Amino acid sequence: MTLARDIKICGLRTLEALDAALVNGANQIGFVFFPMSPRNISVPLAAALCDGIDARARVVAVTVNADDRLLDEIVAQVRPDLLQLHGSETPCRVTDIKKRYKLPVVKAISVHSRPDLQNIVPYYNIADRLLFDAKAPKGAARPGGHGIPFDWHILDGLNKSADYMLSGGLRVDNVAEALAITRAGGIDISSGVERVPGVKDVCLIKAFLEVVVNICQAATVK
């Protein structure tokens, strides 16, 4: 497995932030369609931003327990390359979504301790990829985007061939450690490159991507 072959900046809402992500090496762009998130974006605005992406990156539509009506609208207008399900979607729901839209599906799994990894078992051979995110604090209104890391060492027990993205509390000052511990095949960041919740900082985007791209290039050379 190639170290962090996918680098995703998630929760984008402006052309300025999108350009910073594309110019500095992100190859996945995430749009969040969830009203309770400070990163929520309208379908028409996301579709407009996608016009400038071309083939430079893959577009990921992030939803939380979305119904078919919303997913129909997203797929028709945004035309994402992947669907990321960040709620309590069951394996049956994941299967239905894959059949309906003929798109790869990433299933987010919230983790805090090693027993939480058992939650991935039903999604093996169903989801096209897993994403590990830190479990939300008790009483939180949304499942992700809280800027809290989990203990990356709990992933040590995973099959070495497991393909997953790492998320949750990543920042420019800890992503090198996260990659060294997990050897994750993908990195997903949102709140770690923001000034305030929902407002991306282009300088933080650039700094974060510079670190990750350099690490991945060095690993490739080795």
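## A buried aspartate

A polar contact is a pair of N or O atoms within 3.5 Å; within protein, one must be able to donate a hydrogen and the other to accept it, and residues adjacent in sequence count only if both atoms are side-chain atoms. The side chain of Asp188 makes such a contact with the side chain of Lys8, at 2.6 Å.

This is a predicted model, in which local features need pLDDT of at least 70, side-chain atom pairs count only at pLDDT 80 or more, and totals for chains, interfaces and linings use all residues. Residues are numbered from 1 along each chain as its sequence is written, and side-chain values use heavy atoms, with hydrogens and water left out.

Asp188 is in strand 8 (strands are DSSP runs of E, at least two residues; helices are runs of H or I, at least four; both are numbered from the N terminus). Its relative accessibility is 4%, so Asp188 counts as buried (under 20% relative accessible area; exposed is over 50%, partly exposed in between; 1.4 Å probe, protein chains only).

## Nonpolar cores

A nonpolar core is a set of buried Ala, Val, Leu, Ile, Met, Phe, Trp, Tyr and Cys residues joined through side-chain atoms within 4.5 Å. The largest has 65 residues, and Ile29, Phe31, Phe132 and Phe208 have the most contacts inside it. A second, separate core has 11 residues, including Cys10 and Phe34.

## Two positive phi angles

Most residues other than glycine have a negative phi. Asp54 has a phi near 55 degrees; Asp54 sits in the loop between helix 2 (43-50) and strand 3 (58-63) and is exposed, at 63%.

Arg183 has a positive phi of about 55 degrees. Arg183 lies in the loop between helix 5 (175-182) and strand 8 (186-189) and is partly exposed, at 47%.
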